[in-house]
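Hi everyone, thanks for making time for this. I'd like to walk you through a few spots in our structure, so please have the sequence and the 3D view open.

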Amino acid sequence: MRSLLLCCLVALADLSLDSRKIYEYQYEGHVKFGLEKRNHAESGARMKAAVKIVGSSADTFLLQFSSVVFEEFNGVPGKSDFVAANQIAEKIAAQLAKPITFTYSGGNVGEIRAPSEVTDTVVNIVRGVLGFFQVTVKTTQEIYDLEEVGIHGKCLSSYAQKTNTKVGVMDLTQVVDVTNCIEMAAYYTGLATAVENKVSQQKGESLFSTVKYTYNIKGSEQGGVITKAQAMELQYFTPFNVKKGSFRMEARKELVLTSVKDKTQDIHVNGQMESRGKLMFKIVKNANIPVVMQNLDNPVPEATKLIQRLAQANAERIDSTTTEEVMKLYQLLRKIPVDKLKQMWTDMKTNPDQRYWFLHTVVEVNDRRILEFLDQYLSEPQLNVLEALTVIVQAFHHLETSPELLEAAEVWPFKLIKKNKQQQHCFSFPQPLLNMAEKIRSGNDETEKILVLKALGNAGHPRSLKTITKFLPGVDPNPDQVDKRPRVVSAAVQAMRLIAIRDPHGVQLITLKLFLNRELEAEIRMLAFMTMFDTKPSMALVSTVTAHLLEERDMQVVNFATTYLWSLARATTPDNHYLSTAASVAMKILARKFGHLSYIRSSATRMDWFNKDFLVGTAAEAFIMKRASEIIPAEMMVKLNFHFIGRILQLLEFGIRPGGIRHLFGANIPGFNGEMSKTDFLAVYDVLKKWETLPDDKPLFSFFTRASGQELLFSDVNKAFLQRLIRAFSQSAGKDSMVWTCIERLMQGISWRGVLPFLTAEGRYIQATTLGFPVEISKYYHVVNGMSVNGKRSNVKLTENLGQLLTSQITLTTEGHIGYNKNLWLFYGINTDLFQSAVEVKTTSPLSIPVHVVAKINVPARKFELEIPRSNKEIELFSFRSNAWVISRNIIHPDTPKKTPIGTNEQSQSVGQKYAQVRAADVMQNKWHAIKKMCSKSSIYGLAFCAEMDLQRVYYQEEYPLYYFLGSTHFALKVAPVQESSVEKIRLEINANPSSSSSVSVRQLIDTLRKMGIGGSPMPLVQLKVVAESGSSQKGYDTSLYYTPEGEHTSAQLILSHIGESPNWKMCVDAAVTSVAKANIGWGEQCQSYTMFMRASHVSGSKPELKAVFHWDKIPEQMELYGKSIARYIPGMAFLWGFNQEEKRNARQEVSASVIAASADSIDVKIKFPEVRQMSLLLLVQLTLCREALTSPVPPAYFLHRNRTINSFPQA
């Protein structure tokens, strides 16, 4: 007996299956999604089956399933239970009835084989069962770690075992760190152009998961046998910071040995079998969009019907109820082969509405098929360039990268630009772009070189770096062959902007060479500096650049670099976490020599914001690059980025390069003194009049636009284009002018409508679970924009030239609609082709603005009127709805999913069924329900503006931002007619030639307001009236703007008057800018009831100072009470912000502030208040708040240079 027991203990280390035996197990696995909070709904799925393992050879076994059960859960735990989904069980059982084999030896699951008709989804379920058998047993160690392959991938497993030597049984625990797998069975798709931000991901850890297995292993003569095994996987996910509340997935499975029998006959596997891989989960890259489910067996007719229905439903205005149908359309189109897509295009392209919908949805076929379709589309003889540009932008927005796709797609950016430039030839598709660049480089066509470099920049592939360097002087080993024209070199430097992310070291070496090359133009060196910092350089490289800056002689380069470093030192976004530290150290070194920065020279400015709880932020950058010898910048750029859950979306980038215009202005502007007066504008105008003297072959300026990192539009504006434009708009232009054609169509009446659906963002992350079900995290942001216009015939008819318009009175009646519908979905759960079980957050925000106006333009009198007739209907202008649900969908009933609000106690229901709302009287613990409706009525205009809000929250805690967003939200803005009002229409009138008769009523008002008189006669500039008309009566307001010359300076006056019942009520604003900026404000009876005064001044010197004073004589009682209520918080807030408090005698009814530049990077702030009530509410004191050495938000030397004459720019 002892020897038998010893053999069994030794056999524990050899976990195996005996091919002469039949093993029968009972398997059960379930998964649930929710918040793990009491009284919160959850969604889940459960599968049960009897599993039989029979040996067919020494190491190959047949897996047989029977009694398959599949159930769904949707509701509140304890109040709901799993419900059988028999038809789904039948579908799974039918595939599991097919022969499935696997190899097994020494605790390792090998190759899995199954017939081709068994889907990958079902094979993954098999992997979930076989995952129990992938275990490494060591009897000589109680605790050990191993890197091994399991269903989640190659991950670190931590084992702990304890053996009962008396009965020969081992208890084994295995914990798998799924979060940090070396090789993860996961797939990420979408947001193809977004940049991964690893620092943000590390800060937030928005996804965390771990798996624990427990085994009971019994020894036998043949080896260890698993008698019982359990697994529990926990995963936490949040779109924000996981520490601030999260969704939770719990997956459990169990395998219990019920019997072991001797095999009575040999097993032979019949039928064609094929290898389906090993144990690692296989990602199913299907077309299933997780927020919808539908049958995809017959996609072409279904897609055609959807397009027809969407075109009809959204013809006049956006129908917000059709948004999910658009998502279904995307799903269908992704299943259609390219030849069928081309046929659908042929059938629909002549119908304008269907054409819009097809073109702007087929772009979401995000693989090679879309390129093949676009190749045919761009070959259309009558191609609409604007339409083509929009379609190409959308297509490339989500195009997924793969080796074969890159080969086909890399020429497309160049091909598009060539098409847009209307060139006569186009390079063949798909000619390799690198070969094209080599060929163009040897030529002398500047435009061709710029275009091919921009195409290389869009591709952003490190392989193109060697080719780009051949366009860079000082980098290419053959300097004689390099085109040194600044426009070409600038394009070459910018072509490295995306490569900087993929090959930072290679780009750093090149850009450092360029930056240190003082023979290059200043703007080229600055561009190189920008690109270098896009690579996120190390502290060592920043130190190297800093050392060279100390020796730099070109102050344009110095100022650009130091302002950029100054901005980066204050960066808060995670991608600049380490770079901001390096930049801060660099600024401390540079401050002593270059402490006085100037925003008149070249400069770089950055502003950003990032929230660590929500893991979202924004960043905006502006760059101005100048040469010392020219007043107009050589290049200007603006960038806007958005940070979201570990990704950086390069939203928009715009750049302009003044060419001929820059040379026209040269180093100074004769007669320009920098005061922005009328004399300055005339001086600029005198220079611009000489534009026709510029050479014909050089562009006046160039500009580009980039979105998502891709350059979408590039254009040169040359002299010939400007001349054509001037001729087209000149008074003498006749019927051959395009403007004549447009106006003639407008006068005859037009009807136009357009719809633009756009899947702005799609991000999908799919990962294995221990059950073999794929857990998916998906984010979708979808927008449908729409506009319709119906313009009725005007009363003007052109007969001679456009000059007739200057002597005409034009009337145009327009009806239409402008709107959009924005939708955001978040899906977290199981998504297969058979069923979905998940948490789903959906928000929708439609905007709907009807347009019905009558425009009247009296050109000779310089008057414009806009009439808006009364509407008797309530109009919802904007609304926002959001809710979080637990959902259960299956392919048997795809249109009737079960869904339950995650934050209520209601039972599951089908779509369309109402669930009882939680009323205020029924509020339970940790529940919050707020209902508000606020309206503001205007008796004058007969309109009421209303805001409605309905919020339901559970666990309303600010420290958990996720829970704050989970719940029902409804907000709406509406405009409605006031029923008792008799207003017939509202009229807006703009008069650009007002009568000067009112100048004496104005002079008298301002004399009284100033209390010392006005030094000139006010001259009327423009008059604006907004009146409501009812028969012959009018009510409303009249606003007039005046300009008053007073000696060497000027002032401006604005008079707002009431029309109707209170004609003496007025508001007067008198503003002037001399050495001091000041404004007087009065309102009430003849502007005398209430008065206020404001003044701001700048004191130059070694420590520049800004001063501001706000004084009031008399203000309304309500305004005074409001001010006092705010003042109560001033002492406490000042303490929190680090201000010192001093009790001094200050001026009454006055608040003053001063900001002093104390040093190169700090300011002193002093604020004086009149009587302020302390927090005790018993003591009134006069406070002076002071804080020294506060970090400056703007380089203080900016103020030193603010009044400097622009003619005196320093030279390099």
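**A buried alanine, some cysteines and a lysine**

Let's start with A604: at 0% relative accessibility, this residue counts as buried. One thing to keep in mind from here on is that the model is predicted.

So where does A604 sit? You'll find it in strand β17, which covers residues 603-611. And which residues does A604 contact, once we leave aside its neighbours within four places in sequence? They are F560, T563, Y564, S567, A622 and F623. In sequence, M526 and A604 are 78 residues apart, yet from C-alpha to C-alpha the distance in space is 9.7 Å.

How many disulfides does the structure hold? There are three. If you number the bonded cysteines of the protein chain in sequence order, they pair up as 1-2, 3-4, 5-6. Let's take them one by one.

C155 and C181 are joined by a disulfide, with an S to S distance of 1.9 Å. This pair links distant parts of the chain, 26 residues apart: C155 belongs to strand β8 (residues 153-164), while C181 is in the loop between β9 (169-176) and β10 (183-184). As for handedness, the link of C155 and C181 is right-handed, with 90° about the S-S bond. Are these two cysteines buried or exposed? C155 has a relative accessible area of 1% and is buried. C181 comes out at 12% relative accessibility, and the cut-off for buried is under 20%, so C181 counts as buried too.

Next along is the disulfide between C935 and C946, where the S to S distance is 2.1 Å. Here C935 lies in strand β31 (residues 927-938) and C946 in strand β32 (residues 943-954), so the bond ties together parts that are 11 residues apart in sequence. The torsion about the S-S bond of C935 and C946 is about 110°, which means this disulfide is right-handed. Look at the accessibility of each partner here. C935 is partly exposed, with a relative accessible area of 44%, whereas C946 counts as buried at 10% relative accessibility.

That brings us to C1068 and C1087, joined by a disulfide with an S to S distance of 1.9 Å. C1068 is in strand β38 (residues 1065-1073) and C1087 is in the loop between β39 (1076-1085) and β40 (1090-1099), so this pair ties together parts 19 residues apart in sequence. With a torsion of about 70° around the S-S bond, the disulfide of C1068 and C1087 is right-handed. Both C1068 and C1087 are buried.

While we're on cysteines, please also find C1186. This residue is buried, with a relative accessible area of 12%.

Last stop: K513. In which helix is K513 found? The answer is helix α18, residues 504-516. Not counting residues up to four places away in sequence, K513 touches G474 and V475.

Methods
Residues numbered from 1 in each chain as written. Predicted model: local features only at pLDDT ≥ 70, side-chain atom pairs only at ≥ 80, totals over all residues. Heavy atoms only, no water. Helix = DSSP H or I, 4+ residues; strand = E, 2+ residues; numbered from the N terminus. Buried < 20%, exposed > 50% of the residue type's maximum accessible area, 1.4 Å probe, protein only. Contact = heavy atoms within 4.5 Å. Disulfide = S-S within 2.5 Å.
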